[in-house]
Amino acid sequence: MGRKERREREVKRENYATKHSAEKRKQTLIAIGVLGVIAVIVGYAAFLFLNMTETAPGGPENAGALGSDHAHAALLVKIFGDTFEFSSPAFQIKSSWIHFEGRDGSTIHKHATGVDLGYLFETLAIGLDDQCYIFPDGKQFCSDEDYKLKFFINREQVSDIRDYEVQEDDRILIVFGAETPEEIEAYLLQLDNQELIK
């Protein structure tokens, strides 16, 4: 092997090493850039989460900052005597401000001041007013001559619950049907004995 061939091999090795080194440096810089962008996005998201207020996206009007309140209330919904459960995934944690969680469909969790029951039902896609209870599939239960929609908060009958702000240990009953006073009392007793999951 001559000097010329040896020199050519050395040059090839050096070129290969330089090329390989440059390629690695390029990949490293790209990886650092991508990680930097991800870090900025995560940092910004964390900043927004930690500084959420009533103006945060998805929040109800007039609500306080997340964490400004933490209240639990029991809810019982009876339609023609059947209990409607909110334990399915379709009704779990639809809002950070007020929701059902942990596969429990009977305890309302409220995490901010100024959040009312109307907002809870809105997040669940359930239509509710003083006359009608409307399921997400459109099935309606509206007061008429034979059947009535009734609301009770802590055993007191009220005409509407949409503007009511849940307080700790509240008991809320929604009834649709033609129940007798004795049947209503049985529902209220069932609600009184319902465990709050805190």
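**Exercise 1.** In this predicted model, Glu168 has a relative accessible area of 35%. Classify Glu168 as buried, partly exposed or exposed, then find which residue it meets in a salt bridge.

*Solution.* Buried requires under 20% and exposed over 50%. At 35%, Glu168 is therefore partly exposed. The salt-bridge partner of Glu168 is Lys198, with 2.8 Å between the closest N and O atoms. Glu168 sits in the loop between β9 (156–158) and β10 (170–177), and Lys198 in the segment after α3 (181–192), 30 residues apart. Lys198 is exposed, at 58%.

**Exercise 2.** Determine which way the side chains of strand β4 (residues 107–110) point, and which strands pair with β4.

*Solution.* Thr107 and His109 point one way, Ile108 and Lys110 the other, and all are buried. Next, the neighbours: β1 (residues 71–79) runs antiparallel to β4 and is joined to it by four bridges. Strand β3 (residues 98–99) is also antiparallel to β4, with two bridges. His109 stands opposite His72 and is the bridge partner of His99.

**Exercise 3.** Explain why the salt bridge of Asp69 and Lys110 ties together separate parts of the chain.

*Solution.* The two side chains meet at 2.7 Å, N to O. Asp69 lies in the loop between α1 (3–50) and β1, whereas Lys110 is in strand β4, so the pair joins parts 41 residues apart in sequence. Asp69 is partly exposed, at 23% relative accessible area, while Lys110 is buried, at 0%. Glu165 belongs to one network with Asp69 and Lys110, joined by salt bridges that share partners.

Technical notes: Residues are numbered from 1 along each chain as its sequence is written. This is a predicted model: local features need pLDDT of at least 70, side-chain atom pairs count only at pLDDT 80 or more; totals for chains, interfaces and linings use all residues. Side-chain values use heavy atoms; hydrogens and water are left out. Buried means under 20% relative accessible area, exposed over 50%, partly exposed in between (1.4 Å probe, protein chains only). Two strands pair if DSSP finds at least two bridges between them. A salt bridge is a side-chain nitrogen of Lys or Arg within 4 Å of a carboxyl oxygen of Asp or Glu.
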